[in-house]
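Please open the model in your viewer and keep the selection panel at hand. The stops below go from one selection to the next, with a short account of what is found at each.

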Amino acid sequence: MQIFVCIKQVPDSGQIRVHPVTNTIMRQGVPTIINPYDLFGLEQALRLRDRFGGEVTVMTMGPPMAVDSLRKALTYGADRAVLLTDRVFAGSDTLATSYALSNLILKAGETWGAPDIVFCGKQTIDGDTAQVGPGIARRLGLSQLTYVSGIDDMDLTDRQILVRRRGDHGVQVLRSQLPVMVTMMEGSNEIRRGTQADALRAARAEVVKWNAATVGIPDVSLCGLRGSPTVVKKVFAPTAREEKAEMVATTDQSPVAMADALINQIFTRQPALQDDLLRQAAGH
Amino acid sequence: MSNQTSRPAGSGRANMKRELPEHFRSYKHVWVFIEFEHGRIHPVSLELLGEGRKLADKLEVELAAVIAGSGHDALEEVAGTTFSYGADLAYIIDNPVLADYRNEPYTRVMTALVEKYQPEIMLLGATVLGRDLAGAVATTLKTGLTADCTELAIDGERSLAATRPTFGGSLLCTIHTLNYRPQMATVRPRVMAMPVAQEGRSGRIVEFTVDLKEEDIITKVLDFLPDTANEAAQLAFADIVVAGGIGLRTSENVQLVRDLANALGGDWGGSRPLVQKGWIPAERQIGQTGKTIRPRLYIAAGISGAIQHRVGVEGADLIVAINTDPQAPIFDFAHVGITADAITLLPALTNAFRQRLSVNRLAG
Ligand SMILES: Cc1cc2nc3c(=O)[nH]c(=O)nc-3n(C[C@H](O)[C@H](O)[C@H](O)COP(=O)(O)OP(=O)(O)OC[C@H]3O[C@@H](n4cnc5c(N)ncnc54)[C@H](O)[C@@H]3O)c2cc1C
């Protein structure tokens, strides 16, 4: 069985700062991690491989330094890693990204065998759109299974897969047909600690590096900035509200005095709320 | 995912001028996809009708509701509801294959409908269903899609200006789809205000049929396990919400937040790091990637007020912030603030509220 896992290298979210004057994001020196949502797909992929046999290939489109994330994925036990990197992809929005990744998947499929399952992260922590997985599924004609909370069963002979999917109002139990694109819910599993053997292998492994030409992108005008229908017209800091918060201050700094002053302030501003709370309390 | 969201302002693209190709100029009207599942309309769809109405008025076009499902009477009833919330017309797609949401048939229907009736704007809820569907439809149509918008407007050139928080914590970006149609956007529940229903308002129904056969659909729904009255699901609709952040310091102190919420008959939640630390369950997260709330009173204790948190709470009538740092950004958008240690103030507040409310009970 061939399983492909798409990952993205993202800056560690807690550590991003914005330049106070230019409003630009200061990326320098910010450590990167594998998008945390992708790890749920990777772990699920490894479990399926351990049970059914086959290979797990991790892949990403990104700058050359994304190779670090791919190597990290190898330490968890992925069998091989592929990086698609090329300047033509710079500035891709989600539509252009799914175009590049679906061509990467096709090329990887020709090289190692077509995938039975493609895992994508449910969303990323930087873009946060949840659009690339569905985009890949559409472009490759894979059945789209998003927000999967568990894979209950799989049958490689009749190529069926049984999953639970987290809907808005409950859980759907779905049966679909391979090949599928799956995004896993967070918390559905926990990434394993890689073995020492895997760590050694990852350190020595060669990450496959492809560019637009080696992958054979049919139309580079659909890549990067040019291929992105969305245009960022403006980036700005949120306006502060007209007046800042009214600060409640007390001479007596005891919690009791402060609580009292704060509640007075709340009820002065929201007399109706006070009435309703009193009514509610009286009703009980 | 979208690399562009992390691109700095003033980069080349912002100034790029793009024309709308001739064949897209006939695309008119604003559409809202109505989520109708298990006999219920998702409230986000009605919120979007309110927002869609404003966009349609600005553009001087019609607002249409798109209603897909199985069972004609039910769908017509939904259409009636959408009219009272502002729709001028409703497209109804009635087919047994559409009984339960599945990506494949819904994507087919939506794509066919767009190709036939050519809307300029299409809005969907940023729910599980809406995100699953929007990504697939936008890719099929090869058009732009902006996720999780917090503000929608029409600019001088009739273009949809979709604003969303961007990566990094303190910026917003405005995204346009200049040379493709429709312009697609998703908005999370409770971000937009619920419009007031106008009884007696009516509209036209347009039936749309597509050739869909169950045999052709690969994915089958074997079962559906509805959520039992999940208490956390109420958070988005609570009148009073108390939330804690990293300032709580320990997982045990989350209890202080719950106690205050309890005393006020409200609900409780927290910032995203508390979810990441495992102190609170994911469905209690408030903010851009958690729940958006619109309570009458929101009390934030030990929360710094990052943009991703702010966009989830800004709709509250009264925001009260408790923070030890007088410079914390939360004081920029809270209405009432106090520089105090949440760990000692929260129990004092709980006691004081309890006393005031019980004194009245004895007196009354
Ligand atoms: C793509 C993306 C999506 C995100 N989505 C969300 C989201 O949905 N919701 C969300 O909340 N965050 C979200 N975040 C994270 C967000 O950027 C902030 O990191 C987060 O909100 C900070 O949480 P906090 O305020 O609890 O912690 P901090 O920023 O660490 O703030 C802690 C605050 O507590 C104060 N404090 C410390 N001790 C005390 C005390 N004893 N008493 C009172 N105050 C004290 C400090 O002064 C400080 O202001 C997202 C980030 C990204 C990148």
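**First stop: a pair within chain A**

Select A:Arg159 and A:Asp116, which form a salt bridge whose closest N and O atoms are 3.0 Å apart; the term stands for a side-chain nitrogen of Lys or Arg within 4 Å of a carboxyl oxygen of Asp or Glu. The pair links distant parts of the chain, 43 residues apart, with A:Arg159 in the loop between strand 9 (143-155) and strand 10 (160-166) of chain A, and A:Asp116 in the loop between helix 3 (94-112) and strand 8 (117-120) of chain A. Helices (H or I, at least four residues) and strands (E, at least two) are DSSP runs, numbered from the N terminus. Over all chains, the structure holds 35 salt bridges.

Before moving on, note that this is a predicted model, in which local features need pLDDT of at least 70 and side-chain atom pairs count only at pLDDT 80 or more, while totals for chains, interfaces and linings use all residues. Residues are numbered from 1 along each chain as its sequence is written, chains are lettered from A and ligands numbered from 1 in the order in which they are written, and side-chain values use heavy atoms, with hydrogens and water left out.

**Second stop: the two chains together**

Now colour chain A and chain B separately and select their interface, where 99 residues of chain B are in contact (heavy atoms within 4.5 Å) with 96 residues of chain A. The area buried between chain B and chain A, that is, the accessible area (1.4 Å probe) that two parts lose on being put together, summed over both, is about 9000 Å², and carbon and sulfur atoms give 59% of it. Five salt bridges are counted between chain B and chain A; to see one of them, select A:Lys244 and B:Asp332, whose closest N and O atoms are 2.7 Å apart. Next select helix 8 (residues 342-363) of chain B, which gives the most to the side of chain B that touches chain A, with ten residues.

**Third stop: the ligand**

Where does the ligand lie? It lies between chains A and B, and 29 residues surround it (each with a heavy atom within 4 Å), the closest being A:Ile125, B:Ser271, B:Thr289, B:Ser304 and B:Asn323. Select B:Asp341 to find an N or O atom of its side chain 2.8 Å from a nitrogen atom of the ligand, and then B:Ala342, where a backbone N or O atom lies 2.9 Å from a nitrogen atom of the ligand. At B:Gly290, a polar backbone atom is 3.4 Å from an oxygen atom of the ligand.

**Last stop: the domains**

Select domain 1 (4-216) and domain 2 (235-363) of chain B, with bounds that come from an automatic or database domain assignment. Their centres, taken over C-alpha atoms, are separated by 33 Å, and 16 residues of domain 1 of chain B are in contact with 13 residues of domain 2 of chain B. These two domains bury about 1100 Å² between them, 50% of it on carbon and sulfur atoms, and the count of salt bridges between them is zero. Strand 9 (160-166) and strand 10 (171-177) of chain B each supply at least two residues of the side of domain 1 of chain B that touches domain 2 of chain B.

Finally, return to chain A, where the domain assignment gives domain 1 (2-222) and domain 2 (239-284), with 48 Å between their centres, taken over C-alpha atoms.

Conventions:
A polar contact is a pair of N or O atoms within 3.5 Å; within protein, one must be able to donate a hydrogen and the other to accept it, and residues adjacent in sequence count only if both atoms are side-chain atoms.
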